[in-house]
Amino acid sequence: MTRHFYCTAGAGMEELLAKEVQHKLCATQVEQIPGRVFFCCNADLYTVTQLKSAERLFLLLHKAEPISLPKNPAKAAAVIKQRVVGDPDIWKQTLLTWTALQEELQCSQQRGHKRRREDEEESLTVADESTHTLTSSTHLIKRQNEMDKSCQHTPSFRVCCRCSGVIARSYTSQRLSRIIGMAIKEHLGWKVDLREPVLEVNVYLSDDHCVAGIPLLKHPLASRSYMKHNGLRSTIAWAMTSLCPKQLNDCVILDPMCGVGAVLLEAAQEYSNAVFLGMDTDTSQLQKATENLKASGMEGRVQLLRSSAMEIPLANGVVDAVLCDVPFGRKFSCSSDMSTALPHLLREMERVIRVGGHLVLLLSLQLSAQLKKTICTHKHDQHLNSSDTNNAHTDPSSTHNDSTATPKTLTFNKSNSETSKTPLLLSSLQAQRTHKVSLGSTDAFIHTYTKIQTQAHSH
Ligand SMILES: C[S@@+](CC[C@H](N)C(=O)[O-])C[C@H]1O[C@@H](n2cnc3c(N)ncnc32)[C@H](O)[C@@H]1O
């Protein structure tokens, strides 16, 4: 049965979420607006809850043209009743769908518990994925019982309204929530309960949109239960994997500044048969990464190593992709100034990537500007030094030879002699895409590069 959903998404994530629902859920009627993506699909709810780029998941109640409200409260209430609540039959039908989906969640959670018990009995360490985003069973059972008893047609509810633009100049969110609540009560006979409602009706009113929906899960999809220690926001970590120009199956993937491992974890979930390696200079970060890997059942798939990204103990060209969230800001201030260290850091990352491999970097605005300058400067210098620059670059897809084939295992170099001998080859990094995302208090940029064959490689 086709259901109408929408998800909220961080700024810059809408396009990735729209693609994700199309790709993973075969969703139709996909529409994105700032902060939200609407879609229809008939995938089972467990599959929908596995979306990686979304913040929260809602069942759509109503979507209409933006409204403007008269100042007179009685007239405003009439407009709300007509334009925000709309057709009561649709709300009743959506309530039935929501109830059915809660049952589906409960069943999939029970299946998860049963499987976990069986796994524990067999002493296996496979993580129980189905507990990732589902609400606690006691909570669900309690809520379900409440529903069964008296709430099938007249559930208790509260309204949570967010507004912006013109409407926000005349009405506070709280006042709008009250007016909408009264309209729902009158129109549908549902019971207001501000403390422990069965339903939370979310309404979003802006200059461009009027949207109402019911959240399907208590927790945001973006809070991964397998992250015991939080690092980079999981949706952004996933975006770095997803923006990599190629699929990363059968690949060796390195995060040379892995912190608590958010990027590696998201990539490892996406690519089940890749090899992952994480490095960091900070042992406490590595300890947290180890705990995160254990909690997610991924510890066998990711190797961690205490090492500096400035001297990566790997041979040239052994890695298929480097994904790196380069530190900036106070949270991860490092001993060396990152903008001074960036050219050397880039050179090390470029060195270990094979020709045809990829580099994905998350950088601050300032480091992004520096990255472009660094790569341009090196390209310019190499252009001046090269006698035949026009023939130096070749298509990465045509660069297959034994030395660039994907390795299945990694050997660490005890000495880093290769590092110091490596010439600056930043001209081999061909820019693919820059994507702006929001980290909440600040914006950042995801840059993707592909390493191409240059004259220096072929010598
Ligand atoms: C922005 S954080 C990475 C956060 C990570 N994505 C996470 O989810 O936790 C940057 C990390 O780089 C590490 N770091 C700083 N300088 C380093 C260096 N020279 N080599 C390796 N790691 C370094 C810090 O210890 C920190 O854990």
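**View 1. How much of the protein is buried.** Buried residues make up 40% of the 459 residues in this protein; buried means that 20 or more other C-beta atoms, placed from the backbone, lie within 10 Å of a residue's own. What you're looking at is a predicted model, where local features need pLDDT of at least 70, side-chain atom pairs count only at pLDDT 80 or more, and totals for chains, interfaces and linings use all residues. Residues are numbered from 1 along each chain as its sequence is written. The protein has 14 helices and 15 strands, which are DSSP runs numbered from the N terminus (helices: H or I, at least four residues; strands: E, at least two).

**View 2. Zooming in on Leu-232.** Leu-232 sits in the loop between strand S8 (210-215) and helix H8 (234-243). Why does Leu-232 count as buried? Because it has 21 other C-beta atoms within 10 Å. Skipping neighbours within four places in sequence, Leu-232 is in contact with Ala-237, Ala-262, Val-263 and Asp-325 (contact: C-beta atoms, placed from the backbone, within 7 Å). Gly-259 is 27 residues from Leu-232 in sequence, yet their C-alpha atoms are 8.7 Å apart in space.

**View 3. Around the ligand.** Of the 21 residues around the ligand, Gly-231, Met-257, Gly-259, Ala-262 and Asp-282 come nearest.

**View 4. Helix H3 and what follows.** In helix H3 (residues 73-85), Ala-76, Ile-80, Val-84 and Val-85 are buried.

Key
Buried ≥ 20, exposed ≤ 12 C-beta atoms within 10 Å, placed from the backbone. Contact = placed C-beta atoms within 7 Å. Near = placed C-beta within 6 Å.
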